[in-house]
Amino acid sequence: PDVAADLCGLPGAPATPATTPSSSCKENAAPPSRADAARERVHRERLAAAKDDAADARRRVSSLEREIAAAGESKAKAAASLKRAEASLKGIQGRLKETDAAFERHRADAARELETFAAELAKTR
């Protein structure tokens, strides 16, 4: 019966009372030994731990993907902000040039007026 139980379900196994179609292999199989049960328990525990580790890794990957997406959005916002600041700076530089040119015109006008006043003053003396 032990040999028949070992061969149970294999093609070409001899037909014995223990392996007749009316009886199942599990009914005829020898009960698992304590060592087999311990190995199976350790295997189940390791499988459960591996599944937990895989789930943790998937959560970490998902978290990193969200962080990368957020960093990309931040980078895009920073780039847009930089472009606005550069445009603003160009505007300020343009107004500064205009102000400098206006100041030079006013200075030249004031210098001419001063010369004219000085000439008129010299005539009246």
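A: Gladly, and please keep in mind that this is a predicted model. Six salt bridges are found in the structure.

Q: Why is the contact of Glu40 with Arg44 called a salt bridge?
A: The cut-off is 4 Å between a side-chain nitrogen of Lys or Arg and a carboxyl oxygen of Asp or Glu. The closest N and O atoms of Glu40 and Arg44 are 2.8 Å apart, so the pair qualifies. Both residues lie in helix H3 (residues 34–124), four residues apart, about one turn of the helix.

Q: What makes Glu40 count as partly exposed?
A: Its relative accessible area is 46%. Buried would need under 20% and exposed over 50%, so Glu40 falls in between. Arg44, at 46% relative accessibility, is partly exposed by that rule too.

Q: How do you know that Glu45 and Arg41 form a salt bridge?
A: Their closest N and O atoms are 3.7 Å apart, which is within 4 Å, so the label holds. Glu45 and Arg41 sit four residues apart in helix H3, about one turn of the helix. Glu45 has a relative accessible area of 47% and Arg41 one of 41%, so both are partly exposed.

Q: Why is the term salt bridge used for Asp109 and Arg112?
A: The N to O distance is 2.1 Å, within the 4 Å limit, and therefore this pair counts. Asp109 and Arg112 are three residues apart in helix H3, about one turn of the helix.

Q: Is Asp109 buried, exposed or partly exposed?
A: At 33% relative accessibility, Asp109 lies between 20% and 50%, so it is partly exposed.

Notes
Residues numbered from 1 in each chain as written. Predicted model: local features only at pLDDT ≥ 70, side-chain atom pairs only at ≥ 80, totals over all residues. Heavy atoms only, no water. Helix = DSSP H or I, 4+ residues; strand = E, 2+ residues; numbered from the N terminus. Buried < 20%, exposed > 50% of the residue type's maximum accessible area, 1.4 Å probe, protein only.
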